[in-house]
Amino acid sequence: MSGSALIMYETSNDGVTLRAALSGELDLRDADEVRDNLAAAAKASTYQVLQIDVSEVTLMDSYALGALVSVRNTAAAAGVTVTLVNPSPPVAKAIQVTGLSDVFGLPTE
């Protein structure tokens, strides 16, 4: 990835979940590349769930959040469910403000 965001993938032993961990700043600079990378992984996956760990994301702007919604929609069209896990404070705030908790499988507060 050319910017400051980084994606690491890990397969699960259950055969159902593909895990992706995002770290760094996720903003306009990296959002399209992150979206395209995650969407391609979801479409090419034999897994049923794409679980995205966002615990190490230090910044998330609205463009990046929109990119994750796009990933979710692309994945859903391919039969893959996208969930976000372990939201860092910036991610939790962005999701709370936009009301997208249910979309990403996060508990509402």
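In this predicted model, Ile 52 stands opposite Leu 84, a residue of strand 4. The two strands concerned, strand 3 (residues 49–60) and strand 4, pair in the parallel sense over 5 bridges. In general, strands of a sheet pair through backbone hydrogen bonds, either parallel or antiparallel.

The pairing of strand 3 with strand 4 belongs to an open sheet of 4 strands, arranged in the order 1-2-3-4 with mixed pairing. From one strand to the next, the twist averages 20°.

Helix 2 (residues 62–77) touches strand 2 (17–26), strand 3 and strand 4, and its direction makes about 175° with that of strand 3. Helix 3 (residues 89–98) touches strand 3 and strand 4, and its direction makes about 105° with that of strand 3.

Which residues of helix 3 are buried? They are Val 91, Ala 94 and Ile 95. Seen down the helix axis, these buried residues fall within an arc of 95°, so they line one face of helix 3. An α-helix has 3.6 residues a turn, so residues three or four places apart point the same way. The buried residues of helix 3 pack against strand 3, helix 2 and strand 4. On the other side of helix 3, Pro 89, Lys 93, Gln 96 and Val 97 are exposed. Just after helix 3 comes Gly 99, which takes a positive phi of about 70°.

The largest nonpolar core has 32 residues, of which Leu 22, Leu 38, Leu 50 and Ile 52 touch the most other members. At least two residues of this core are supplied by each of strand 2, helix 1 (28–44), strand 3, helix 2, strand 4 and helix 3. Helix 2 gives the most, with 6 residues. Leu 22 has contacts beyond its neighbours within four places in sequence, among them Leu 6, Ile 7, Val 34, Leu 38, Ile 52, Val 54 and Leu 68.

Is Thr 17 buried or exposed? Its relative accessible area is 10%, and residues under 20% count as buried, so Thr 17 is buried. Not counting residues up to four places away in sequence, Thr 17 touches Thr 11, Ser 12, Tyr 47, Val 49 and Gln 51.

Note on methods: Residues are numbered from 1 along each chain as its sequence is written. This is a predicted model: local features need pLDDT of at least 70, side-chain atom pairs count only at pLDDT 80 or more; totals for chains, interfaces and linings use all residues. Side-chain values use heavy atoms; hydrogens and water are left out. Two strands pair if DSSP finds at least two bridges between them. Axes are lines fitted to C-alpha atoms, for helices over the stretch in contact, and angles run from 0 to 180 degrees between N-to-C directions. Contact means heavy atoms within 4.5 Å. Buried means under 20% relative accessible area, exposed over 50%, partly exposed in between (1.4 Å probe, protein chains only). The arc is that of the directions from the helix axis to the C-beta atoms. A nonpolar core is a set of buried Ala, Val, Leu, Ile, Met, Phe, Trp, Tyr and Cys residues joined through side-chain atoms within 4.5 Å.
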